[in-house]
Amino acid sequence: MSDQQRVLIIGAGQAGGQLALQLRQKGFVGSIILVGEEAIPPYERPALSKSILTGNQTPEDLLLRTAEAYAELNIELHLSTRITHLNLQTRQATFNNNLNTDFDILVFATGATPRNLPLPGCDLPGVHLLRTNKDSLAIKARLAEAQSIAIIGGGFIGMEVAASARSLGIKTSVLEAGPRIMARSLPAFIANKIAALHQNEGNQITCNAAIQGFIGDKNVSGVQFQDGSKLEFEAVIVGIGVTPNTQLAEAAGIQCDNGIITDARGLTSADNVYAIGDCAASLLSRYERHQRLESYQNANQQAENVVASIMGNHKDYNPVPWLWSDQYHWQIQTLGFPVEAEHWLLRGDLDSDRKEIHLGFRNGKLSSVVSIAEGTAASADVRILQRMLEMGIQADQTLLSDPDIKLKTLLKQSG
């Protein structure tokens, strides 16, 4: 490896920041150029829908490192900056200030953009999207004044924002266009359990909500439905998913399909060009398909995987997807792809054990897990189940679902 190599990372979010830092930690001695559109250094995003809104954390708490730390590591950090053009033949990138930089290795960590609802009134002040630190602080400021809000979309982000707002004493309503919440992530019976937890906290959930537009004069004041009815709110947060930022990659001729296509090592269709994080549709060897994974785990692990490739220690990225979501005092964790499970078994009981773990099976094998627990009460069990899935261990289903039998024992016996 030459100390003259130049690595350009486009996107200074969690994935891009982790990649830059890990390159140095693993001994990379070449140049690292990290370019991000936001005004602050890379930070972790999960708290944006939770503890930032409730005031339990500040943006500074989320930083991977301070700006000074990047300088000390000889990482060239460009904030409030965009790459406007790439030439993969000459290996040059142009910034929005018309400066150029050369590179030998390119990594896309461009993330994703939240989808808006292209409806009348969607541009009214008080209609918010949530993706960045700036978005979260704007919503926090609005929550400090609002008595009632609407969240459009009943996915994980929407339900986290709803829990945060309700915990602040704000009248909160979730408006979901589909027949139930969390349809992309969870089977109906588990989603219904989570909906009940929210309703017990006073959160209103309306499914099959057909919204015609937003009403208001200088600020949003409510939502109008297609049947002519209206509901008044002082703020609206739209959380209906994201679109991967692939424009720059597509313009450079790189293969994309709902994300930048990569192999299991993170390589795109262009030589020495990688993609990581929310923008990457990576080959998941375990599941034999390309898929984007929008999670904290994926941002960190894909960065680690591409660092290994750049350093010459190639390995295939082969995760069991994991994510968590804090809602009120409950924590929901998932492993695998729960909506693909064919049948389910229950381990434990939320009322008596403070946790319950749902075990999903496909083709007769454990394939996914969903836990609902008070705080982190289920975390140790989820970690063991993740290890079992990673190792391909298949314990007896009756034993797996028996809460009196320790999962650690099953892991040892099967391993």
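In this predicted model, 4 aromatic pairs are present. One of them joins tyrosine 287 and phenylalanine 337 in an edge-to-face arrangement, with 4.9 Å centre to centre and 85 degrees between the planes. Tyrosine 287 belongs to the loop between strand 20 and strand 21, and phenylalanine 337 to the loop between strand 23 (330-335) and strand 24 (343-349), so the pair ties together parts that are 50 residues apart in sequence. Phenylalanine 337 is buried, its relative accessible area being 12%.

Tyrosine 296 and tryptophan 324 also form a pair, which is edge-to-face because the planes stand at 80 degrees, with the ring centres 5.5 Å apart. This pair ties together parts that are 28 residues apart in sequence, since tyrosine 296 lies in helix 9 (residues 296-310) and tryptophan 324 in strand 22 (residues 322-327). Tyrosine 296 is partly exposed at 26% relative accessibility, and tryptophan 324 is partly exposed at 22%. Together with Trp322, Tyr296 and Trp324 make up one aromatic cluster.

Most residues other than glycine have a negative phi. Glutamate 288, in the loop between strand 20 (280-284) and strand 21 (289-291), has a positive phi near 55 degrees. The relative accessible area of glutamate 288 is 72%, and the residue is exposed. Asparagine 74 likewise has a positive phi, of about 60 degrees. Asparagine 74 is located in the loop between helix 4 (67-72) and strand 3 (75-78) and is exposed, with a relative accessible area of 58%.

On the surface, a patch of negative charge is formed by Asp349, Asp351, Asp353 and Asp404. Within this group, aspartate 351 lies in helix 10 (residues 350-353) and is exposed at a relative accessible area of 74%.

Note on methods: Residues numbered from 1 in each chain as written. Predicted model: local features only at pLDDT ≥ 70, side-chain atom pairs only at ≥ 80, totals over all residues. Heavy atoms only, no water. Patch = residues over 30% accessible without salt bridge, like charges linked within 9 Å, V, L, I, M, F, W, Y side chains within 5 Å. Areas by Shrake-Rupley, 256 points an atom, 1.4 Å probe, with all protein chains shown as cover. Salt bridge = Lys/Arg side-chain N within 4 Å of Asp/Glu carboxyl O. Lys, Arg positive; Asp, Glu negative; His and termini not counted. Charge placed at Lys NZ, Arg CZ, Asp CG, Glu CD. Helix = DSSP H or I, 4+ residues; strand = E, 2+ residues; numbered from the N terminus. Buried < 20%, exposed > 50% of the residue type's maximum accessible area, 1.4 Å probe, protein only. Phe/Tyr/Trp six-rings, centres within 6.5 Å; stacked < 30°, edge-to-face > 60°.
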